[in-house]
Amino acid sequence: MDGQNYNNETSQEQQNFYQDNTSSMSYYAPVNEDVPHNANGLQIGGLVLGILSIVFICCYGYPSVIFGGIGLILSIVGNKKGKHGIGTAGFICSIIGLVLGIISAIYYTMYIAALFQMMQTGDFNIYDLYRF
C-alpha cells in the first residue's frame, strides 16, 4: 500500500509463496470447427410455437393445432439448415402440442355437438348443471 513496507523489508527480500502449476502444461489450441454453434431463427421460432401449442391445449385445442403445425414446419426446415438442440426440442414440443391439440379439439367438438343436440331435443336444462 502506498509503497510503504511495514516490516522494514525491501522489495527484493519479499518472496512469492504461490506455486506455479502451469509451467509444465502445454497449450492446447481450441478446435476450429466450421459448423456454427448458433441456432437459427427458424429453430427458435419452432421452439416458441411448440411451447405455445402445449400451453394452448386448454383453449379447445384449435390454437394448439395451428401453433403446433407451424412450429413443426419451422423446426423441420430449421433442422435442415443445421441440427442443434433447440431445433430438436422445438420439433418434439410441436409434435406433443399438435397431437394433444388434435385430441383436445376432437373431444371439445364432440362435447359441444352433444350439448347442442341435447338443447335441440329438449333434454338439456341449464339448471341441471348446478344441482347438487
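This is a predicted model: local features need pLDDT of at least 70, side-chain atom pairs count only at pLDDT 80 or more; totals for chains, interfaces and linings use all residues.
Q: Great, so which residues of helix 2 are buried?
A: They are S64, G68, G71, L72, S75, G78 and N79. Seen down the axis, these buried residues fall within an arc of 140 degrees, so they line one face of helix 2. The arc is taken from the directions from the helix axis to the C-beta atoms.

Q: And what sits on the other side of helix 2?
A: I66, I73, K80 and K81 are exposed there. The cover over the buried residues includes helix 1 and helix 3.

Q: Let's zoom in on S75. What does S75 touch?
A: Leaving out residues up to four places away in sequence, S75 touches L42, G46, L47, G87, G90, F91 and S94. A contact here means heavy atoms within 4.5 Å. S75 counts as buried because its relative accessibility is 0%.

Q: Stepping back, how many helices and strands are there?
A: The protein has 3 helices and 0 strands, running α-α-α from the N terminus. These are DSSP runs numbered from the N terminus: helices are H or I with at least four residues, strands are E with at least two.

Q: What about helix 1, how does its span compare with expectation?
A: Helix 1 covers residues 41-55, and its 15 residues should span 21 Å at 1.5 Å a residue; the end C-alpha atoms are 21 Å apart, which agrees. The expected span is 1.5 Å times one less than the number of residues. Helix 2, with 20 residues, reaches 29 Å from its first C-alpha to its last, close to the 28 Å expected.

Q: Which residues of helix 1 are buried?
A: Q43, G46, L49, G50 and S53. They cover an arc of only 130 degrees around the axis, which puts them on the same side of helix 1. They pack against helix 2 (62-81) and helix 3 (85-121), while G41 and V55 are exposed on the face turned away.

Q: Changing topic: where does Y60 lie, and what is its phi?
A: Y60 lies in the loop between helix 1 and helix 2. Its phi is near 65 degrees, a positive value in a residue other than glycine. Most residues other than glycine have a negative phi. Y60 counts as partly exposed because its relative accessibility is 46%.

Q: Which residues form the nonpolar patch on the surface?
A: I54, I76, F91, I92, I95, I96, V99, L100 and I103, with about 700 Å² of accessible area together. Nonpolar side chains (Val, Leu, Ile, Met, Phe, Trp, Tyr) are joined within 5 Å, like charges within 9 Å, and patch residues have over 30% relative accessible area and no salt bridge. A salt bridge is a side-chain nitrogen of Lys or Arg within 4 Å of a carboxyl oxygen of Asp or Glu.

Q: Which helix gives the most to that patch?
A: Helix 3, with 7 residues. L100 lies in helix 3 and is partly exposed, with a relative accessible area of 39%.

Definitions and conventions
Residues are numbered from 1 along each chain as its sequence is written. Side-chain values use heavy atoms; hydrogens and water are left out. Buried means under 20% relative accessible area, exposed over 50%, partly exposed in between (1.4 Å probe, protein chains only). Accessible areas come from the Shrake-Rupley method with a 1.4 Å probe; for residues, only the protein chains shown count as cover.
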